[in-house]
Amino acid sequence: MDTFEGLAVAAIAVLPGALYAWSYERQVGNWGIGLSDRLFRFLGTSALFHVLVAPVTYWIWTNHVRSGDLSAGRPLPAYVWLAVAAYAAIPIALGSRVGRATAAHEHWARRFTGSRPAPRAWDYFFASEPRGWVRLKLKSGTWMGGVFRFSSHALTSYAAGYPEAQDLFLSETADVDPATGRFILVDGEPRLRGTSLLIRWEEVEFLEFGDV
């Protein structure tokens with residue numbers, strides 16, 4: 001087997017799964033980031049994808065590669081380049097779509113990821129990018145509060161994902177009673193302080209989340 005055929009076989013074996021996993025993890029984070037997990041995901045996805053496109057790839061291989069067209073430098077038909085583009089585009093599109101559906105807890109995505117793809121309850125909750133009021137009781141006994149939300153115009157709230165240490169950034173903090181945790185209201189709404197909060201989960205006893 002010559003060098004080109006070896007590279008082609010490697011691409012067929014790995015590339016679709018690698019592109020799928022990369023685009024999926026762009027949406028949900030590095031869930032199952034271990035080498036063995038990622039290798040099985042690469043190879044498994046590539047195998048399934050190649051089963052679906054095997055008739056097309058076999059036809060291209062026999063008619064334009066083994067026939068000598070490619071090595072002789074003869075022009076390839078436009079559909080060959082479209083097939084090559086689809087070989088990369090379809091895994092990327094599928095991985096992105098499954099990743100977004102997983103983050104949004106859409107039921108159909110479980111057919112691809114299993115019933116419990118998130119490694120921790122933390123990731124399961126924050127991957128959906130919730131918006132709401134947060135109350136934190138620290139291990140010291142003090143209560144703190146703020147809002148977890150996303151904005152394109154300012155700093156956005158953020159929760160670290162697996163496998164990183166669990167820390168939380170609240171883009172806005174609110175006044176709470178430090179002893180009871182009750183929000184201090186103004187006109188029926190929590191009073192914002194105009195500050196942000198970065199805190200490590202190991203400092204927190206528990207977290208309460210309520211919709212905006």
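Where does Glu-129 lie? Glu-129 is found in the loop between H5 and strand E1 (132–138), where helices (H or I, at least four residues) and strands (E, at least two) are DSSP runs numbered from the N terminus. Glu-129 has a positive phi of about 50°, although it is not a glycine.

Before I continue, two remarks on the basis of this talk. This is a predicted model, in which local features need pLDDT of at least 70 and side-chain atom pairs count only at pLDDT 80 or more, while totals for chains, interfaces and linings use all residues. Residues are numbered from 1 along each chain as its sequence is written, and side-chain values use heavy atoms, with hydrogens and water left out.

His-105 also has a positive phi without being a glycine, with a value near 60°. His-105 sits in the loop between H3 and helix H4 (110–113). In the loop between E3 and strand E4 (167–170) we find Pro-163, which a cis peptide bond joins to Tyr-162, with omega about 5°.

I turn now to the aromatic rings. A search of the whole structure finds 11 aromatic pairs; rings of Phe, Tyr and Trp (its six-membered ring) pair if their centres lie within 6.5 Å, and planes under 30 degrees apart count as stacked, over 60 as edge-to-face and the rest as tilted. One of these pairs, Trp-143 with Phe-206, is edge-to-face, at 5.4 Å centre to centre and 80° between the planes. Trp-143 lies in strand E2 (residues 143–148) and Phe-206 in strand E9 (residues 204–211), so this pair ties together parts that are 63 residues apart in sequence. Trp-143 is buried, with a relative accessible area of 11%, whereas Phe-206 is partly exposed at 33%; buried means under 20%, exposed over 50% and partly exposed in between (1.4 Å probe, protein chains only).

Strand E9 also holds Glu-208, which is partly exposed at 39% relative accessibility. Which residues does Glu-208 touch, not counting those up to four places away in sequence? They are Trp-133, Val-134 and Arg-135, contact meaning heavy atoms within 4.5 Å. The C-alpha atoms of Glu-208 and Arg-135 are separated by 5.1 Å, although these residues are 73 residues apart along the chain.

Finally, an aromatic cluster. Trp-122, Phe-125, Phe-126, Phe-148, Trp-201 and Phe-209 belong to one such cluster.
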